[in-house]
Amino acid sequence: MKAWTSGNVAGTGTFRCTDCDYPVSLDAVDELPTCPNCGGTEFVRASLFTTAETSVVMDVTPESEDQEWLDELREGLTEPGQLLTYQDDDDEIVKYPLQREWTRIGRSLAADIRFDDPTVSRRHALIVRQPDGLRVLDDRSLNGVFVNGERVEWSTLADGDEIVIGRHRLHFVDVPAISGMRYSPASEGGAG
């Protein structure tokens, strides 16, 4: 089977890293990236009929750079809320507030958080608001969704969780309301 190296236009289809079997899905004009899992540069066309099951675990040790900008971001947050944050290709910090019932992540133009990247499926993941909190769901992506280094079909999110979508590392930040402030009917003029 012919091996392709990263940076080459290999055509539409699914390719697997020869080092770790990580799958990457491409469109016709996409170039093969370096492997998002191990950094490998050699790929083979994946077969639909393979029966090999591989467990992919990603290194989740946060880079000191990530920790620095995350700490700086947290210091500047004053309002309670939940958000996804990441650094874009220009090293700008992007903050996306999670206020709706569904948040779509993917390569599609319809995605709320969009990554124009061949390692990201058009419909890659969903963030869903549930009674017990927020969950991330794999939306039938090829390359999978990783939470804190473990590939998941779905996972409840907790403050500080790292979500990997293709080669992009997003961080879930949950700023709770100040515990000293409590709802009181009297504060709305209902006393009396």
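This is a predicted model: local features need pLDDT of at least 70, side-chain atom pairs count only at pLDDT 80 or more; totals for chains, interfaces and linings use all residues.
Q: Let's start with strands. How do strands in a sheet hold on to each other, and what order do the five strands of the open sheet take here?
A: In general, strands of a sheet pair through backbone hydrogen bonds, either parallel or antiparallel. Here, the open sheet runs β8-β7-β9-β10-β13, and its pairing is mixed. At the edges sit β8 (113-114) and β13 (154-156), each pairing on one side only.

Q: Can we zoom in on one pair: in which sense do β9 and β10 pair, and over how many bridges?
A: Strand β9 (residues 125-130) and strand β10 (residues 133-138) are antiparallel, with six bridges between them. To find an example in the picture, look for Leu-126: its bridge partner is Leu-137 in β10.

Q: Which residues of β2 are on the covered face, and which on the uncovered one?
A: Gly-13, Phe-15 and Cys-17 make up the covered face of β2 (residues 13-17), with Thr-14 and Arg-16 on the uncovered face.

Q: I keep hearing about positive phi. What is the general idea, and where is Asp-91 found?
A: Most residues other than glycine have a negative phi, and most peptide bonds are trans. Asp-91 has a positive phi, near 65 degrees, and lies in the loop between β5 (81-87) and β6 (93-97). Asn-148 has a positive phi too, near 50 degrees, and belongs to the loop between β11 (145-147) and β12 (150-152). Go back to β2 and β3 as well: they form a hairpin with five residues between them, and Asp-21 in that turn has a positive phi of about 65 degrees.

Q: Are Asp-91 and Asn-148 exposed or partly exposed, and why?
A: Asp-91 counts as exposed because its relative accessibility is 55%, and the cut-off for exposed is over 50%. Asn-148 has a relative accessible area of 38%, so it is partly exposed.

Q: Last one: which residues gather in the patch of negative charge?
A: Look on the surface for Glu-68, Asp-71, Glu-72 and Glu-75. Glu-72 sits in helix α1 (residues 64-76), and it counts as exposed because its relative accessibility is 57%.

Note on methods
Residues are numbered from 1 along each chain as its sequence is written. Side-chain values use heavy atoms; hydrogens and water are left out. Patches are made of residues with over 30% relative accessible area and no salt bridge: like charges are joined within 9 Å, nonpolar side chains (Val, Leu, Ile, Met, Phe, Trp, Tyr) within 5 Å. Accessible areas come from the Shrake-Rupley method with a 1.4 Å probe; for residues, only the protein chains shown count as cover. A salt bridge is a side-chain nitrogen of Lys or Arg within 4 Å of a carboxyl oxygen of Asp or Glu. Lys and Arg count as positive and Asp and Glu as negative; His and the chain ends are not counted. The place of a charge is taken as NZ of Lys, CZ of Arg, CG of Asp or CD of Glu. Helices (H or I, at least four residues) and strands (E, at least two) are DSSP runs, numbered from the N terminus. Buried means under 20% relative accessible area, exposed over 50%, partly exposed in between (1.4 Å probe, protein chains only). Two strands pair if DSSP finds at least two bridges between them.
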